[in-house]
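Work through the exercises below with the coordinates open, and try each task before reading its solution.

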Amino acid sequence: MTDFLWNINKLTSSSRARTGILKTPHGKIETPAFIFCATKAAIKTLTTKYVVDVETQIILSNTYHLMLQPGGKVIAKHGGLHKFMNWKGPMLTDSGGFQIFSLGQSSVTDEIKGKNINNKRNKSLLEVTEKGALFKSYIDGSKQLLTPEKSILIQREIGADIILVFDECTPFHVDKDYTASSMERSHRWSKRSLEAFDSDKEFRPQSGSAGKQVLYGIIQGGIYEDLRKISVEFNFENNFFGLAIGGSLGSSKEQMYDVVEYTASMLGKNHPVHLLGIGDQVDIWNCVRWGIDTFDCVRPTRLGRHGAALVRNREGKINIKNAIYREDLNKLDKLCECYTCNNYTKSYLHHLFKIEEILGLELLTIHNIHYMNSMMRFIREAISNDNLDQSQNEWFLA
């Protein structure tokens with residue numbers, strides 16, 4: 001039996017949208033799919049039982065943060081992160097390369113909005129060299145050098161099914177020369193990542209603490225089409241199971257769409273394609289049309305913890321803390337059948353957030369995860385029925 005397998009089931013007639021099955025040793029993933037972030041080995045406020053109960057297929061954890069606490073070797077002693085956090089399904093780890101951006105520059109939100117160029121806050125990133133990225137630990141202040149080899153070793157200790165090469169995620173406001181040199185360095189890091197992945201140090205080649213793994217390459221190049229093309233060609237030349245679109249996606253939604261559409265147009269059907277860090281509902285509907293298979297973002301769970309519930313209207317969400325919900329006896333979304341919507345009113349949820357009760361965070365997180373999983377299932381059905389445009393209108397007008 002093949003440990004990993006990627007098959008496309010259905011292609012739409014009017015776009016590159018597709019459904020598929022990504023098989024892993026810990027179960028299969030029906031695509032397009034959304035990957036929820038358990039950054040530090042936990043979906044904030046929830047046990048894995050709740051995450052499973054709302055039909056989550058796959059989760060993501062972060063190499064950099066788990067390197068600092070509890071450390072890869074502790075996780076490996078448990079037989080991998082699956083056993084460490086009691087998650088039995090597929091799992092992905094990012095390489096820590098995003099922290100070169102987030103700890104040295106700004107947040108994803110600021111990146112897309114074009115803000116934070118002159119960020120004054122203390123930065124944890126100390127230096128980026130050919131060897132790797134030097135960080136100052138936010139836990140104890142110690143200096144931590146993350147190299148391609150160390151990133152792959154930690155990901156093998158963590159034991160996720162899908163792991164990523166080490167790269168640098170460049171911000172949008174750097175010039176083309178820096179973007180090009182960064183991309184070329186990321187390519188060299190990718191080759192070192194591949195060599196480490198194929199080595200027999202600590203674990204069997206291409207395996208981690210929980211068994212067989214596959215490695216995704218990452219396409220860089222910022223907002224520049226010629227650089228994106230070079231990066232795509234580099235990734236095609238190397239033995240990657242899947243491909244991820246990373247790096248800067250621009251300073252606006254429009255520019256992000258241009259970058260994703262152009263890059264995805266070159267990727268074909270031989271690899272599952274992941275889009276790093278995008279989780280807005282409309283963005284997902286648009287990006288599946290260009291052939292994106294999986295997405296990840298902290299957005300759904302982070303919004304829930306701040307009182308925002310995802311709903312099927314034109315705005316896509318409501319703020320339950322608003323006074324208009326104080327006496328609203330309806331559920332969050334009239335078509336939602338999640339535990340929260342079946343048992344609690346907007347009025348009660350509003351009350352929980354007004355008194356700063358942690359239960360409110362839990363209930364909105366449950367709802368938002370259920371919402372995203374329901375939307376992805378709706379998208380898969382729309383692709384199978386070849387009526388994506390009509391289904392998108394139905395989803396947001398329900």
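**Exercise 1: an enclosed helix**

Eight of the eleven residues of helix 7 (residues 148-158) are buried, so this helix is largely enclosed by the rest of the structure. The model is a predicted one, and the task is to find which residues of helix 7 are buried and what follows the helix.

Solution. Take as buried any residue with under 20% relative accessible area. Applied along helix 7, this cut-off selects Pro148, Ser151, Ile152, Ile154, Gln155, Arg156, Glu157 and Ile158. Next, step past the end of helix 7 to glycine 159, which has a positive phi, near 85°.

**Exercise 2: one face of helix 9**

Determine how the buried residues of helix 9 are arranged about its axis, and which elements they pack against.

Solution. Begin with the extent of the helix: helix 9 covers residues 225-237, and its 13 residues reach 19 Å from the first C-alpha to the last, close to the 18 Å expected at 1.5 Å a residue. Then list its buried residues, which are Leu227, Arg228, Ser231, Val232, Phe234 and Asn235. Viewed down the axis of helix 9, these residues fall within an arc of 160°, so they line one face of the helix. Finally, identify the partners: the buried residues of helix 9 pack against helix 8 (176-197), strand 13 (214-219), strand 14 (242-245) and helix 10 (253-264).

**Exercise 3: two helix pairs**

For the second pair, the axes of helix 14 (residues 346-354) and helix 15 (residues 358-384) come within 7 Å and cross at roughly 135°.

**Exercise 4: a loop proline**

Is proline 32 buried or exposed, and which residues is it in contact with beyond its neighbours within four places in sequence?

Solution. Locate proline 32 in the loop between strand 3 (27-31) and strand 4 (33-37). With 0% relative accessibility, proline 32 counts as buried. Its contacts beyond those sequence neighbours are Arg18, Thr19, Val288, Ile292, Asp293, Met376, Ile379, Arg380 and Ile383.

Definitions and conventions. Residues numbered from 1 in each chain as written. Predicted model: local features only at pLDDT ≥ 70, side-chain atom pairs only at ≥ 80, totals over all residues. Heavy atoms only, no water. Helix = DSSP H or I, 4+ residues; strand = E, 2+ residues; numbered from the N terminus. Expected span 1.5 Å × (residues − 1). Buried < 20%, exposed > 50% of the residue type's maximum accessible area, 1.4 Å probe, protein only. Arc of directions from axis to C-beta. Contact = heavy atoms within 4.5 Å. Axes fitted to C-alpha atoms, helices over the stretch in contact; angles between N-to-C directions.
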